[in-house]
Every structure is written in structure tokens, then in C-alpha cells.
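Q: Hi! Could you walk me through this model, starting with the overall layout and then the helix packing?

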Amino acid sequence: MKLPVIKHLTSFIEENDQDYVLEAIDTLEALTEVPSLKDEELDVIGELISNMYGAVEVSKMIKDGTSKKEALNNFMQRVLGSIDK
């Protein structure tokens, strides 16, 4: 996951609506079914999807009253904690 991408997508959600991001996730997930995609292409799509889900999670924390900076930090700590285990 890339924090700058998640920050940008979180700002996009704040300015627009998370439905745009959720629909983009659905579209990307549908693309993963294309049999001719190479592993590298699937990796890129997977990275985009995970960043988008991350931005949705951060956006939810912000809506629940957490500051943007704290929400981003908490999310990334959770991600890094799950990688270490």
C-alpha cells in the first residue's frame, strides 16, 4: 500500500463520494477475471484495489471523528502490524 495514493484517494472521497471509489473497485475486480492478464498486470490491479479499500477505511475513520492525519497513521500502523505477524 502506498500512503500518498491513499491520502489522495481519501481527499477524492472527501470532495466527491466514496461510491465512485467503490464502483472503481468493482470494475477493477471484474478486470481480474480476464484470462489473458499477466501476473504483473494482476499485481498492479491488486495494488490499486488495496489502496482504494484503504482509502475507504481511512475515510470511515475520518467520518467517525478521527483527524485525517491520525486516521492515516492508525491505518498504516494496522497494515504494518498485520505484515509483521
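Here is a chat about the fold, the helix contacts and a few residues.

Q: Before we start, what kind of model is this, and how are things counted?

A: This is a predicted model, where local features need pLDDT of at least 70 and side-chain atom pairs count only at pLDDT 80 or more, while totals for chains, interfaces and linings use all residues. Residues are numbered from 1 along each chain as its sequence is written, and side-chain values use heavy atoms, with hydrogens and water left out.

Q: Great. How many helices and strands does the chain have?

A: The chain has four helices and zero strands, in the order α-α-α-α along the sequence. Helices (H or I, at least four residues) and strands (E, at least two) are DSSP runs, numbered from the N terminus.

Q: What does the C-alpha trace span along its principal axes?

A: The C-alpha trace spans about 45 × 35 × 15 Å.

Q: And how much of the chain is buried?

A: Of the 85 residues, 28% are buried. Buried means under 20% relative accessible area, exposed means over 50%, and partly exposed is in between (1.4 Å probe, protein chains only).

Q: What share of the contacts comes from residues 24 or more positions apart?

A: Such pairs give 65% of the contacts with a separation of 6 or more. Contact here means heavy atoms within 4.5 Å.

Q: On to packing. At what angle do helix 1 and helix 3 pack?

A: Helix 1 (residues 3-15) and helix 3 (residues 39-63) pack at about 55°, and their axes are 8 Å apart. That angle makes helix 1 oblique to helix 3. The axes are lines fitted to C-alpha atoms, for helices over the stretch in contact, and angles run from 0 to 180 degrees between N-to-C directions. As for the labels, under 35 degrees is roughly parallel, over 145 roughly antiparallel, 65 to 115 roughly perpendicular, and the rest oblique.

Q: Is the crossing of helix 1 and helix 3 left-handed or right-handed?

A: Helix 1 and helix 3 cross in a right-handed way. A crossing is left-handed if the near helix is turned anticlockwise from the far one by less than a right angle, and right-handed if clockwise.

Q: Which residues make that contact?

A: From helix 1 there are Val5, Ile6, Leu9, Thr10, Ile13 and Glu14, and from helix 3 Asn51, Met52, Gly54, Ala55, Val56, Val58, Ser59 and Ile62. By class, this contact of helix 1 with helix 3 has nine nonpolar residues, four polar and one charged. For those classes, Ala, Val, Leu, Ile, Met, Phe, Trp, Tyr, Cys and Pro count as nonpolar, Asp, Glu, Lys and Arg as charged, and the others, Gly among them, as polar.

Q: Nice. How do helix 2 and helix 3 pack?

A: Helix 2 and helix 3 pack at an angle of about 155°, with axes 10 Å apart. They are therefore roughly antiparallel to each other, and their crossing is left-handed.

Q: Who meets whom there?

A: In helix 2, Gln18, Val21, Leu22, Ala24, Ile25, Leu28, Glu29 and Leu31 meet Ile45, Leu48, Ile49, Met52, Tyr53, Val56, Ser59 and Lys63 in helix 3. The contact of helix 2 with helix 3 divides into twelve nonpolar, two polar and two charged residues.

Q: Let me zoom in on Thr10. Why does Thr10 count as buried?

A: Thr10 counts as buried because its relative accessibility is 0%. Thr10 sits in helix 1, and a polar atom of its side chain lies 2.7 Å from the backbone oxygen of Ile6. Not counting residues up to four places away in sequence, Thr10 touches Ala55, Val58, Ile62, Lys68 and Leu72.

Q: Last one: is Ser59 buried or exposed?

A: Ser59, in helix 3, counts as buried at 3% relative accessibility. Leaving aside neighbours within four places in sequence, Ser59 is in contact with Ile13 and Gln18.

How values were computed
Polar contact = N/O pair within 3.5 Å; in protein donor to acceptor, adjacent residues only side chain to side chain.
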